[in-house]
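Reader: Hi! Could you walk me through this one? I'd like to start with the helices.

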Amino acid sequence: MEQQRQKELRGLFHLLEHTAKLAEDAVHTDAFQNGEARCIAQFNNVLTRLRDIDAVPDRLFDTLHDKASFGEIGIACHQLAAYLNEELAATSDFRGWITGFFGKRFLENVQEELGGAEEKIGELIRKSVPDFLTESTLEDIEEAFPVAPGGCLTVDVPLGAIDVQTAASDTVAVRVQRSAQLKADRRAGELLKDLNVTITHDASDVEIKAKFIGAKKALNKARNRLDVQFEIVVPHRYNVDLKTSGDDITVERLEGNVNAHTTGGELHLDNITGEIVGRTAGGNVVLQTFKGDAELRTSGGNIKVQTGTGDVNAKTTGGNLRFIEVDGFITGRTAGGTLSLSACSGGANVGTAGGSVDLETGGAINAKASGGSIRAKLIGQVQNECVLETAGGSIEVTLIPDVAVNVDAKGLGGTVKTEFPVVSEIAGPVRPGLLQGAINGGGPLLKIRGLGGGISLKQGE
């Protein structure tokens, strides 16, 4: 009797393995279309029979839903086969697979860890399966188009990361990769097929568009389980206009204008020569090694601009602003972070409503802080009027020893100190918190206003 039972179990075990292989082949080759229903019925029949002969506990495995995908069918078959594999002590492809990933005594160790609670083993196996084994991947879209330098690449997609690189060729090469994780959402694979990608070529221009033909609510719910990548190579001299939702945009080594917009990802712009416009509603912005004017916006991240020539206009409502070695006029605003300039030239008009300001720059300066201190190191002789104001901290200004300026400093709630001799035209005693007069014969106006902290003028190198 036991021998007959073991024979039946082996038959059911091999049937599960065969069904799993069919499901996996269907996922990777798109074969056996509309065959899910038969595989689902086969799995459910096997599970029912195993319960009838008391081969598995009633609550350990669930029957498959009638809309289960091939990916989910394969996972369910492997899980049930793993349980039977221990009782049969069989050697199989699945046994070798699970041993390779989890160790020779995986199921025994699981049982020991759970104290023999068999009803939890299936759940733990399901969570332990590596993501790539539950991934549904569509065939890559690959196309190439002859173009002339100076053309424009336009990308407008509802999701997916965009990566633009350049090459010394007169070709635009496009590769679209699409995959979905089925472990957390069995419908993710079907949703991925509802993303319709079209690519058009007109003379020197290439346009990539994508449209989700299903319900927008379903797309938003499954977005985190979908992985779409647009990898594009363009000529060195080319323009790009890029738009995506929820993912990053990267552009590198480009001579041309860049317009990049994402609603929830980061912007990485490197080695760009041309006008730059970058906007994101929820990520960081990094611009480095550039030549050309730039306008950068983010609602929920930091902005970092480094090593470039050109005027920069940057604004964030929830992060920090940092400028390093920028040769150009800087306009910067942040509503909730700090603001810093290091080794910059060309002047700046900057302000923060929720942090401190740290400046090292030459040129005209207008800096305001509503809730923090200001520390400014002015490089060289001041050529234009400079204004430093804060309503919630101290102000420290470092100048070269032979700087020639007219200073007008007023502090409410703090003292004013100076390391420079100041020649004042005010007759009689000077009230505390006030410093007005000429330094080294006078020059452009240095206007300082502080509330709630001290003001100090220091001599630098």
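Author: Happy to. Helices here are DSSP runs of H or I with at least four residues, numbered from the N terminus. Just after helix 2, Asp54 takes a positive phi of about 60°. Keep in mind that this is a predicted model.

Reader: What should helix 2 span at 1.5 Å a residue, and how far apart are its end C-alpha atoms?

Author: Helix 2 covers residues 36-52, and its 17 residues should span 24 Å. The end C-alpha atoms are 24 Å apart, so the two values agree.

Reader: Which residues in helix 2 are buried?

Author: The buried ones are Cys39, Ile40, Phe43, Asn44, Val46, Leu47 and Leu50. They sit on the same side of helix 2, because they cover an arc of only 160° around the axis. In an α-helix there are 3.6 residues a turn, so residues three or four places apart point the same way.

Reader: And what does the face turned away from that buried side carry?

Author: That face of helix 2 carries exposed residues: Ala37, Arg38, Asn45 and Asp52.

Reader: Switching to cores. How many residues has the largest nonpolar core, and which have the most contacts inside it?

Author: The largest nonpolar core has 82 residues, and those with the most contacts inside it are Leu153, Ile208, Ile232, Phe323 and Leu359. Strand 7 (residues 226-235) gives this core its largest share, five residues. There is also a second, separate core of 28 residues, which includes Val46, along with Ala20, Ile73 and Leu80. Val46 is also one of the buried residues of helix 2.

Reader: Nice link! What does Phe323 touch?

Author: Beyond residues up to four places away in sequence, Phe323 touches Val305, Val312, Ala314, Ile330, Ser340, Leu341, Ser342 and Cys344.

Reader: Let's follow Val312. Where is it, and is it buried or exposed?

Author: Val312 is in strand 16 (residues 312-316). It counts as buried because its relative accessibility is 2%, and the cut-off for buried is under 20%. Apart from neighbours within four places in sequence, Val312 has contacts that include Phe290, Ala294, Phe329 and Thr331. Its C-alpha atom is 6.0 Å from that of Glu295, 17 residues apart along the chain.

Reader: Now the sheet. How does strand 3 pair with strand 9?

Author: Strand 3 and strand 9 (residues 249-255) pair in the parallel sense over three bridges. Asp163 has Thr250 of strand 9 as its bridge partner. Strand 9 is also joined to strand 11 (residues 267-273) by six bridges, and those two run parallel. There, Leu254 stands opposite Ile272 of strand 11.

Reader: I spotted Thr166 in strand 3. What polar contact does its side chain make?

Author: The side chain of Thr166 makes a polar contact with the side chain of His236, at 3.0 Å. A polar atom of the Thr166 side chain also lies 2.7 Å from the backbone oxygen of Arg253. Thr166 is buried, with a relative accessible area of 11%.

Reader: And Gln165, buried or exposed?

Author: Gln165, also in strand 3, counts as buried at 18% relative accessibility. Its side chain makes a polar contact with that of Asp163 at 2.8 Å. Among the residues that Gln165 touches are Ile232, Thr250 and Glu252.

Definitions and conventions: Residues numbered from 1 in each chain as written. Predicted model: local features only at pLDDT ≥ 70, side-chain atom pairs only at ≥ 80, totals over all residues. Heavy atoms only, no water. Expected span 1.5 Å × (residues − 1). Buried < 20%, exposed > 50% of the residue type's maximum accessible area, 1.4 Å probe, protein only. Arc of directions from axis to C-beta. Contact = heavy atoms within 4.5 Å. Polar contact = N/O pair within 3.5 Å; in protein donor to acceptor, adjacent residues only side chain to side chain. Pairing = 2+ DSSP bridges. Core = buried A, V, L, I, M, F, W, Y, C linked by side-chain atoms within 4.5 Å.
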